Amino acid sequence: MKVIVGLGNPGKKYEDTRHNAGFMAIDKINDKWGIPVQQNKFRALVGEGRIDGEKVLLVKPQTYMNLSGESIAEILKFYKLGPEDVVVIYDDLDLPPGQLRLREKGSAGGHNGIKSLIMHMGTQDFNRIKIGIGRPEPGRSVSDYVLHPFSTEERPLISEAVDLAAEAAAMWMKEPFLKVMNKYNAAKK
């Protein structure tokens, strides 16, 4: 089994915010492959199904962003999986809105959800699909920026990036992550 995690914050209040780009990608996978993410387990909403014949668990942690690692650690322990069995989809301030960047490992880069994952998984070596959300204009706080909805101009860019992130995660069901990286890192600059 492989695990596709989308990071975000639970509740209507945060639904369309920049910090919920990962949740948006999980919703897109649900829509495209018919894997409802409704079961409440491991302090997350999860859905189990198949993509191209491969067993997958879709995960939207409900612990709020800063504690996401707690939920994922529980899942890995329960299913006896390792970090190599996980891909995490999340927002990235350092990429322009709508740009994707895939990585096999790396630091948290200031992202509290990723800090939590690294702490609870005990490694930086796990697959990532980052969705660019850009940086706030000078003088605006980062926390205010990430917890607000996308602008009208950003929405089509984010929608396309979410689609590509979902496709990349699905490709990983059958292909090594390095091959997925090579394809999707080159897709849109």
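I began with Ile-4, which stands opposite Leu-58 in strand S4; strands here are DSSP runs (E, at least two residues) and helices are runs of H or I with at least four, numbered from the N terminus. The model is predicted: local features need pLDDT of at least 70 and side-chain atom pairs pLDDT 80 or more, while totals for chains, interfaces and linings use all residues. Residues are numbered from 1 along each chain as its sequence is written, and side-chain values use heavy atoms, without hydrogens and water.

I then looked up the pairing of S4 (two strands pair if DSSP finds at least two bridges between them). Strand S1 (residues 2-6) runs parallel to S4, joined by four bridges. Strand S3 (residues 44-51) runs antiparallel to S4, with eight bridges; Glu-48 has Leu-57 as its partner in S4. In the S3-S4 hairpin, with two residues between the strands, I noted a positive phi near 50° at Asp-52.

I checked burial next (buried: under 20% relative accessible area; exposed: over 50%; partly exposed: in between; 1.4 Å probe, protein chains only). Strand S4 (residues 54-61) is largely enclosed by the rest of the structure, because six of its eight residues are buried.

I turned to Tyr-64, in the loop between S4 and helix H2 (68-79). Tyr-64 is partly exposed at 43%. Leaving aside neighbours within four places in sequence, Tyr-64 contacts Gly-8, Asn-9, Pro-10 and Tyr-14 (contact: heavy atoms within 4.5 Å).

Last, I looked up Asn-112 in helix H3 (residues 112-121). Asn-112 is partly exposed, at 35%, and touches Met-65 and Asn-66, not counting residues up to four places away in sequence.
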